[in-house]
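Please read them with the model open.

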Amino acid sequence: MSQSKGAAIDIPSSHDDAAIFHFPLGQAYSLDNDPQRAIESYRATLVHDPKSALVRARLAAELVKVGDFAEARQLCEEAIKLDSKYVDSYLLLAGIEVAAKEYSSAIATYRRALAVAPGSRDALLYLGVTLAEIGKTHEGIDQLERLVKIKDSAESSIDQSVAFYYLGKIYDQSNQKEKAIQAYRTSLKKRPGFAKAALALSDIHIALHEVRQAYAVLEEAFAEGHSAEIAERLRSEEHTS
């Protein structure tokens, strides 16, 4: 199975005719949020393409959706042995370790991912958030400050607006309010109307008794994105004012 970087659909090699048939089915079922059928299709793909790290990782991701973490973990470990440069295997394994509260192992796995792909936006984000979650706030901030300096890439859903949002969250959690405000504002500048950033920024203004600023942030974000969550918050603010 080819694992071309950034490809939307990976295609098995030409001699894997059965794999060519089953693998796209697995992708389609996954997109349709039907993990059981996706699992069946990826298992069938593995029968015909048993040395594919990519297929193992895709199968593991579907198994996580149905709560089978043990087999998903095993598949990720096998995938890493088969292809030590396939970053998704590390990310998924680390996510399983975080879910199991095996934070030290997860951090080590994220670092392994970054050793393979130093510019991995996903690995930097998740490593930073995990470090902050276990109280290593400064280390977490270091990872996210590194992340926000990296240009957006079509290969990752973690764009700069998301990166600045999570940086703001960690600043806020460590009581660095001014830095949090600046990070949330930058997030909204990168993606006007970004509801999570607007709500988080509004919460800081409320905590600082800056009600007008909080309301202005929500109104501006709603005008940009028409978020239902922001609309609900605005209605709530009107009732309490």
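**Notes on the helices**

1. In helix α2, the buried residues are P35, A38, I39, S41, Y42, A44, T45 and L46. The model is a predicted one, and the points below should be read with that in mind.

2. The length of α2 can be checked. This helix covers residues 35-48, and its 14 residues, at 1.5 Å a residue, should span 20 Å. The C-alpha atoms at its ends lie 20 Å apart, so the two figures agree.

3. How do α4 and α5 pack? Helix α4 (residues 69-82) packs with helix α5 (residues 87-99) at an angle of about 150°, and the axes are 9 Å apart. Angles over 145 degrees count as roughly antiparallel, and α4 and α5 are therefore roughly antiparallel to each other. The crossing of α4 past α5 is left-handed.

4. On the α4 side, the contact residues are F69, A72, R73, C76, E77, A79 and I80. On the α5 side they are S89, Y90, L92, L93, I96 and E97. The residues of this contact comprise 9 nonpolar, 1 polar and 3 charged.

5. A second pair is formed by helix α11 (residues 195-207) and helix α12 (residues 211-225), which pack at an angle of about 170° with their axes 7 Å apart. By the cut-off used in point 3, α11 and α12 are therefore roughly antiparallel to each other.

6. Which residues make the contact of α11 with α12? From α11 they are A198, L199, L201, S202, H205 and I206, and from α12 they are V211, Q213, A214, V217, L218 and A221. The residues of this contact divide into 9 nonpolar and 3 polar, with no charged residue.

How values were computed: Residues are numbered from 1 along each chain as its sequence is written. This is a predicted model: local features need pLDDT of at least 70, side-chain atom pairs count only at pLDDT 80 or more; totals for chains, interfaces and linings use all residues. Side-chain values use heavy atoms; hydrogens and water are left out. Axes are lines fitted to C-alpha atoms, for helices over the stretch in contact, and angles run from 0 to 180 degrees between N-to-C directions. Helices (H or I, at least four residues) and strands (E, at least two) are DSSP runs, numbered from the N terminus. Angles under 35 degrees count as roughly parallel, over 145 as roughly antiparallel, 65 to 115 as roughly perpendicular and the rest as oblique. A crossing is left-handed if the near helix is turned anticlockwise from the far one by less than a right angle, and right-handed if clockwise. Contact means heavy atoms within 4.5 Å. Ala, Val, Leu, Ile, Met, Phe, Trp, Tyr, Cys and Pro count as nonpolar, Asp, Glu, Lys and Arg as charged, and the others, Gly among them, as polar. The expected span of a helix is 1.5 Å times one less than its number of residues. Buried means under 20% relative accessible area, exposed over 50%, partly exposed in between (1.4 Å probe, protein chains only).
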